[in-house]
Amino acid sequence: MKLGSGLQRAQAFLIVATALYRASHLMVGLVAVVQHHRHRPVSWAVLAVAVACSVLVYGTARARGWFNGRTVWADVLVTGCALPFAAYLWGGAHEAPAIAWVMVLGGSSSAPAAVVLDRAQAVLAVALVAVTHALGYSLVGAAMAVTAGHLNSVVSSAVLGWVFWWYLRRQGTLLDTANEKAKEAEAQRARYAERIVHHRALHDTVLATLTAIAGGGVDANSEQVRSRCAREAAYLRRLIQQSADAEAYPEAGAALEEAVRAAECLGLSVSAQYGEVPSVPPEVAAEVAAAVTEALNNVLRHAGTGRAYLTATGRDGRLVVTVVDRGKGFDPELVTGGLGLRSSVHQRMRGIGGAAAVESVPGEGARVELSWPA
Amino acid sequence: MITIAVVDDDRMLLEGLRSWMLDVPEVRLAAAAATVDELLGQDTADAGGAGAARAAADGAGTADGEGERERDAFDVVLLDLVLRDGSQPPENIRRLRAAGSRVLIISTVADRGRIVAAIAAGADGYLTKDHDLDTLVTALQDVAAGRSAHSPELAFALAHDQRPDRPRLSPKELQVLLDYASGLTLKSTARRAGITPNTAKYYLDRVKDKYQQAGRPAYTKIDLALRVREDGLDAS
């Protein structure tokens, strides 16, 4: 099960804590009915209604992650206010010990009310429960000490519930803020590391080439120097575009860029375009980049063209990478001629829970699409 | 014969383009300038520089005195997206269109937001500067003939436009756009979508038209008058 944020954890804990509180009171009710009111159908009905209200309140809270104000109010009004009178009027509970279990049950509706409702509503709900219970106990002629003790427990369970919630919520929020900061720092570090990688690459490529040309030792117009310049210009172009477009998620972008540069070193020019790439785990980024390397190598070896196109985008939260060439193409039915491409790319992507699609028509180039998750 | 002008503040590129175009009989490079002001002859402060740039571009042998007449005669202006004079691309494009030229954008870096804005402002195509001469000439011919010059970079920018007020595209238009953006040829793009290459091109044109229409809303009389002037529908 996913734990969620600190706030969600605090909420889950409070739901369980108040549910246990209510469950203990339902247990008291069950024991009281079995021991003393076994032959009164109304007592069983009162207990059943209390169980139904509890399921409504805690069931929806558990399913949705937090209480719903309306169900809490329903519980306050039915379990808290109405049931004691029902037990008195039709259940024959005319003295204090006979009605006590219903009162105790109703008292536990004050805790979620204090936690969930806003301050004015919470005060109103707790006051309502306290007043009806005081009235109920006076109807059965209970001793002052019994009434006072019960009212004390109604109010203190509300106060305790509220204090717990206040503390847990504060801790949860603090935890979330700290996590957010840690994540931001991690992203900062990753961006910095990426920049260092780029600086090194710039030093080894563009700077080295410019220095050589400026020194006058090489013929800048030779085919070799020009193709090198073209590749390095493409690298600079992507570098600028990436920093302009790419958001804070460097994992996939950096890994793909490495794959592109490796192919460029082997003499392939790659037009790479990066959209808003979603954040992916590092191992996914590495495997996708490895699959891209295989696809680019395949272009180099078999496509008979010097150019490939790469796009990396996010679509509905998925990472989608395409590698396209406009070369010779092949018949996908015939898996020969070193086209282990399909099986190896498929295997890689399946291994990380992604998918690969390889399409080609003879004479029309090829298209490899990698997506994660599948 | 297509008459073109180029606005770019990179002297090396201007020189390179001039020598390139000497070998292309279908295209005549009639003027070169560093800014739109300079090209449109409004740059009084630097008239000498403008004249010099123009003369350099006209080195192909145009007789003196023809410069004035040529000002209105550019079929296509190649416009660098980001100029150092700080002028805004959409404004540059509108002024060139108002002067009667079609605009093909060239740039070093594919900056998606700027590309989208340029198309919305009335540019008919977009190319990065790393394309070869054939691609450039084809694009110039397309734009001069009133068609659009498509490139994977342009398709990518339009396909991944995230603004909330972007024009609505049909699923088919989006598919064609995405596939063309991924680097597929028009033919392969069409085959994937199960349509003819002509239809695929039509879809790409229609997406561009949607952006241009969205970029020029005509709400008021003044806007309408401006549009008439932009479209060259008035007497001039």
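This is a predicted model: local features need pLDDT of at least 70, side-chain atom pairs count only at pLDDT 80 or more; totals for chains, interfaces and linings use all residues.

Reader: Why is W162(A) called partly exposed?

Author: Its relative accessible area is 37%. Buried needs under 20%, and exposed needs over 50%. The value of W162(A) lies in between, so the label is partly exposed.

Reader: Where does W162(A) lie?

Author: In helix 7 of chain A, residues 144–215.

Reader: What makes W162(A) part of a nonpolar patch?

Author: A patch residue must have over 30% relative accessible area. W162(A) has 37%, so it passes that cut-off. W162(A) forms the patch with V155(A), V159(A), V163(A), W166(A) and Y167(A). Together they have about 550 Å² of accessible area.

Reader: How many residues of chain A count as buried?

Author: Of its 374 residues, 43% do. For each of these, the relative accessible area is under 20%.

Reader: Which residues have the most contacts inside the largest nonpolar core?

Author: L39(B), L79(B), I93(B), I105(B) and L177(B). That core has 43 residues. Helix 8 of chain B, residues 152–159, gives the most to this core: six residues. The core also draws at least three residues from each of domain 1 (1–149) and domain 2 (162–236) of chain B.

Reader: What is L79(B) in contact with, leaving aside its neighbours within four places in sequence?

Author: Its partners include V7(B), V36(B), I93(B) and I105(B). Contact here means heavy atoms within 4.5 Å.

How values were computed: Residues are numbered from 1 along each chain as its sequence is written. Chains are lettered from A and ligands numbered from 1 in the order in which they are written. Side-chain values use heavy atoms; hydrogens and water are left out. Patches are made of residues with over 30% relative accessible area and no salt bridge: like charges are joined within 9 Å, nonpolar side chains (Val, Leu, Ile, Met, Phe, Trp, Tyr) within 5 Å. Accessible areas come from the Shrake-Rupley method with a 1.4 Å probe; for residues, only the protein chains shown count as cover. A salt bridge is a side-chain nitrogen of Lys or Arg within 4 Å of a carboxyl oxygen of Asp or Glu. Helices (H or I, at least four residues) and strands (E, at least two) are DSSP runs, numbered from the N terminus. Buried means under 20% relative accessible area, exposed over 50%, partly exposed in between (1.4 Å probe, protein chains only). A nonpolar core is a set of buried Ala, Val, Leu, Ile, Met, Phe, Trp, Tyr and Cys residues joined through side-chain atoms within 4.5 Å. Domain bounds come from an automatic or database domain assignment.
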